Amino acid sequence: MNSHICIHGHFYQPPRENPWLEEVELQDSAYPYHDWNERITAECYAPNGASRILDANDKIVDIINNYSKINFNFGPTLLSWMERHAPEVYLSVIEADKESRKNFSGHGSAIAQVYNHMIMPLACARDKRTQVVWGIKDFQHRFGRMPEGMWLAETAVDLETLDLLAEHGILFTILAQHQAGRVRKIQGRKWGDVSGAQIDPRRPYLCRLPSGREISLFFYDGPISQDMAFGGLLDKGEKFADRLLGAFDEERDQPQLIHIAADGETYGHHHRFGEMALSYCLHHIESNQLARVTVYGEYLERFPPAHEVEIVEDSSWSCIHGIERWRSDCGCNSGRKGWTQKWREPLRESLDWLRDTLCSIYEIEASPYLRDPWLARDAYIDVILDRSREKIESFFSTHRTRELTKEERVKVFKLLEMQRHAMLMYTSCGWFFDEISGIETTQVLQYAARAIQLAERTSDARLEETFLEMIRSAPSNIAELADGAKVYAKYVRPAIVDLLRVGAHYAISSLFEDYPEETTIYAYRVSRESYELKEAGRQKMALGKIHMRSGITESEQSVSFAVLHLGDHNLVGGVREYIGDESFDEMRLEIIEAFRRSDVPEIIHLMDEHFETHKYSLWHLFKDEQRKVFRWILESTLEEIRASFRQIYDHHYPVMQVMRELNTPVPKALRTTAEFTIDADLQKALAGEELDLKQLRNLVEEVNRWSFEVDKTTLGFLVSRRIEALMEKFYARPEDATLLMRIEAILRTLNPLSLKLDLWKSQKLYFSIGKRLQGGVHEIAESGDLAATEWLEHFRSLGNHLGVKIA
């Protein structure tokens, strides 16, 4: 067969971790999920690992792993997050690559990516090399093989980058059609101009590099990719397939490859159920033998390039001006009218200055300890991927100049982390959008701040003031923010963490939750050495001593603390470096005595005296814990509100009932009270350990009777999680007919609410159970077994509610 189709998905999210905590903190804009990684995983990454194929009646008849059928790359930093927080989804990606090797002549569907999505033509030579090395090593660590291809961030390309790829064994990369300049047949003499996206995308091309190396290039079909991502091609899988098939040249008798590339998030996040359109498209093509579905590695082996190409340097897929989107106000933006991106150039210049300064510091400060500081930086990815004691010792034994003291090891770690963050601060999304105060740009500024902090702790350099002066010339579109320096002051400086603040977090949060002797707070290990909790009415006070150790740099510190909660949000505390038992005992006795007398002014005075400037409050809690504490503080208030609303609702319900019968509008105040009460009852019922089906049925009837407005987003989230948890139990105990009927009854009861449910995992579990058991149960039922007959009836009914049909 000469007709081949390849679909590439670029699955990527910018790193969102707090640079000091190494975890993603709560992001309210991702509600009802914790953060955007979690939300996009639920909407895209997970469903693509178990994509549903529908029949003519919109019933699920098969479930496939899309990753095993397409060419794809995942951002290394995203996979790192996924491995920790969505391990089942992570494994579906890894297993898909293994499965794809069976389908594509030993070639895997996964390719690598430059490590943290840096715009390579704008990077210095050292960073380019490390991005490639880290991208390859991360891929090998996860997929267990050498990558054949590598995705370039925003497909931004220059010859130096392609040469680095080829030097490191990468066989191909993928570019947009407008990134080709001219082509000719291999061994041919005449070049043909193909600028302006005129290149034929249906074949691979060879690119000869200045060093004498070579690399193959695939130029994806731009119009189809555009229609798929931004048009309506994902409305229906068969329509998608027809568009791909229609691109073949019927007059050509040579092998042809129709291939497209787009953000992987298109399939499910940007377009709901886009993953299903993708799976049906591939199913339709394969089952009807309309073309051979392939991946780039397989196609390249079978049909090597017969033409060579020269690229348009400093070009990308998402900026018509080349790579200006990441260094100037070129006009490319996400559409906010009246705003400019004049901040991009000074931001780039400021970070370039910082990078060059940090490189000098690194080289000077690391040279006494590391044989080759830059070779050690390239190898540091092994430690990032596995911070076990064995890996760390192996790293030092290979790269140290001599045996290092504990303090010297800490310094080396800080210098290496400084370099890691100096690369993370170039993550492309920092320039992509419209405003310097956006979350993507403040994220790269936080990476810069972390790098500055580490530089100032490993050298005599003082960089922050100069950096702030430079980004002051980066104008914000928001008047009150003014410029980059004010953005830094508002969104970056409050996020900066040191060990004292970790101690403050521990001290304050210990008033609201019990910690064991040893605990982990994000990237820090905390050991409790002394702790006392005193209570008097609404007042609580904690005093103690803890030892903290960073799991990243191995830096450690002991601190003493005292913290006083006066009720509500009124909280004050002090933390300082532990300076000895005598001083600690004096502070402890004085503050405890003042607390015993309920002498709050004296307690605060003593804290001022003993802790000096190191005073903390609720403001200093990390975001997730801060939100938990506020919920705890407000719980009694919210309960009072709920009780008050319920009293109003119960008291006036008879009047509301009469008004309804007389077709008289219920006053808005009463209706709002009723809606709040019913919605609160529904959420409480769905979140509780035991679900009362009778109560649930009554609540649903009330919603429908009155046409109440309820929080369908939260309810849909709660129901989806509830059904998923029950389906996991049913998967483990499929013979449990009572559990089966309960799941069916819950879905039947809630059906009138028309909630938007995320049931992909429940459907996958149901499908697996059905494939495994339904045939055998059917035979038993046919023999007259009443229990089997009843099980089968309820199982099929559950399938109807889940939209799954088992043949």
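Across the whole structure, a search finds 39 aromatic pairs, where rings of Phe, Tyr and Trp (its six-membered ring) pair if their centres lie within 6.5 Å, and planes under 30 degrees apart count as stacked, over 60 as edge-to-face and the rest as tilted. One of these pairs is formed by Phe172 and Tyr296, which are tilted, with 5.7 Å from centre to centre and 55° between the planes. This pair links distant parts of the chain, since Phe172 is in strand 7 (residues 172–176) and Tyr296 is in helix 9 (residues 296–302), 124 residues apart; helices (H or I, at least four residues) and strands (E, at least two) are DSSP runs, numbered from the N terminus. Both Phe172 and Tyr296 are buried, that is, under 20% relative accessible area, whereas exposed means over 50% and partly exposed in between (1.4 Å probe, protein chains only).

The model is predicted, so local features need pLDDT of at least 70 and side-chain atom pairs count only at pLDDT 80 or more, while totals for chains, interfaces and linings use all residues. Residues are numbered from 1 along each chain as its sequence is written, and side-chain values use heavy atoms, leaving out hydrogens and water.

Charged groups also meet rings: Arg336 lies over the face of Trp339, 4.2 Å from the ring centre, where a charge sits over a ring if NZ of Lys or CZ of Arg is within 6 Å of the ring centre and within 35 degrees of the ring normal.

Turning to cysteines, the structure holds 0 disulfides, a disulfide being a pair of cysteine sulfur atoms within 2.5 Å. The sulfur of Cys124 is too far for a bond, because the closest cysteine sulfur, in Cys359, is 5.5 Å away.
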